[in-house]
Amino acid sequence: MKGLLILSAICIMMATFACGQKNTKVIATQHPSAQDLSKYSQATFAAGCFWHEEALFESIKGVKEAISGYAGGTTKNPSYEVVETGTTGHAETVNVYYDPAEISYATLLKIYFAGQNPIQVNGQGSDLGTQYRSIVFYRNNDEKQQIENYIKSIQPQYKAPIAAEVKPFTAFWTAEDYHQNYIEHNPNSGYVQHVSVPEIVHLQKEMPQLIKPDHFY
């Protein structure tokens with residue numbers, strides 16, 4: 001019985017601190033119009049839970065918007081519930097809109113890799129599965145070359161291979177409204193308080209010069 005109680009407690013803790021928590025409250029989030037965003041460059045990254053990836057990139061100077069969604073698979077118009085089964089090939093992803101006059105793609109790559117455990121395969125922390133794997137999507141040969149060169153430059157720091165996949169960008173499917181700006185709307189969530197925010201704070205302390213003045217956590 002004691003073993004059963006301990007196992008139950010562990011399961012509850014994992015549910016509390018996993019990105020896969022179900023949120024039934026739908027929040028309508030206002031995003032800049034497609035016309036407003038069309039003048040900016042885009043970069044697309046997957047690295048575990050998109051809640052804190054979105055908030056992290058939105059705190060960076062030069063980034064105008066980050067949208068949570070799904071990419072890397074073949075299923076069209078996937079839902080969160082289907083993606084979380086790990087059968088669609090998609091990973092939780094953020095699409096970043098940025099002004100290249102303010103921040104370079106190379107700097108975004110540096111932030112991307114610094115904000116994760118780059119050698120963890122199929123997951124980040126307690127978020128496990130192919131839907132949480134790391135992927136860097138490139139839109140042209142220049143981006144592909146920058147990604148590959150950056151991976152080569154940091155590989156000697158690690159005893160295991162860099163796990164991030166390098167894939168051509170094909171399609172990005174915007175996630176449901178309640179996932180957008182999730183941390184802002186759910187600041188008291190156990191996952192947000194104990195996983196998302198500490199990870200964001202850690203990176204912000206490493207690169208304070210890149211953070212917008214009103215976006216420090």
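Visitor: How many bridges join β2 to β3, and which way do the strands run?
Guide: In this predicted model, strand β2, residues 63-71, is joined to β3 by 8 bridges, and the two run antiparallel.

Visitor: What pairs with β3 besides that, say β1, and over how many bridges?
Guide: Strand β1, residues 41-47, pairs with β3 in the antiparallel sense over 5 bridges.

Visitor: Where does Tyr-97 come in, and which residue of β3 is the bridge partner of Gln-42?
Guide: Gln-42 has Tyr-97 as its bridge partner in β3. Glu-65 also stands opposite Tyr-97.

Visitor: Is β3 mostly covered or open, and how many of its residues are buried?
Guide: Mostly covered: 8 of the 8 residues in β3, which spans 91-98, are buried.

Visitor: Which residues point which way from β3?
Guide: Ala-91, Thr-93, Asn-95 and Tyr-97 point one way, while Glu-92, Val-94, Val-96 and Tyr-98 point the other way; all are buried. In a regular strand, side chains alternate between the two faces of the sheet.

Visitor: Switching to aromatics. How many pairs are there?
Guide: The structure holds 9 aromatic pairs. One of them is Phe-50 with Tyr-70: the ring centres are 5.8 Å apart and the planes stand at 45°, so the pair is tilted.

Visitor: Where in the chain do Phe-50 and Tyr-70 lie?
Guide: Phe-50 is in helix α3, residues 50-58, and Tyr-70 is in strand β2, so the pair links distant parts of the chain, 20 residues apart.

Visitor: Is Phe-50 buried or exposed?
Guide: Buried, with a relative accessible area of 1%. Tyr-70 counts as buried too, at 0% relative accessibility.

Visitor: And what about Phe-113 and Tyr-150?
Guide: Phe-113 and Tyr-150 form a tilted pair, 5.5 Å centre to centre with 35° between the planes. Phe-113 lies in helix α5 (residues 105-114) and Tyr-150 in helix α6 (residues 141-154), so the pair ties together parts 37 residues apart in sequence.

Visitor: Why does Phe-113 count as buried?
Guide: Because its relative accessibility is 3%, and the cut-off for buried is under 20%. Tyr-150 is partly exposed, at 23%.

Visitor: Which residues form the aromatic cluster?
Guide: Phe-45, Phe-57, Tyr-105, Tyr-112, Phe-113 and Tyr-150 form one cluster.

Visitor: Which ring does the charged end of Arg-139 sit over?
Guide: The ring of Phe-169, with the charged end 3.9 Å from the ring centre.

Visitor: Last topic, confidence. What pLDDT does the chain average?
Guide: The average is 89, and 84% of the residues score at least 70. Over residues 1-16 the pLDDT is below 50, and that stretch has 4 contacts beyond near neighbours in sequence. Residues 22-30 also stay under 50, with 17 contacts beyond four places in sequence.

Conventions: Residues numbered from 1 in each chain as written. Predicted model: local features only at pLDDT ≥ 70, side-chain atom pairs only at ≥ 80, totals over all residues. Heavy atoms only, no water. pLDDT = per-residue confidence, 0-100. Contact = heavy atoms within 4.5 Å. Buried < 20%, exposed > 50% of the residue type's maximum accessible area, 1.4 Å probe, protein only. Helix = DSSP H or I, 4+ residues; strand = E, 2+ residues; numbered from the N terminus. Pairing = 2+ DSSP bridges. Phe/Tyr/Trp six-rings, centres within 6.5 Å; stacked < 30°, edge-to-face > 60°. Lys NZ or Arg CZ within 6 Å of the ring centre and 35° of its normal.
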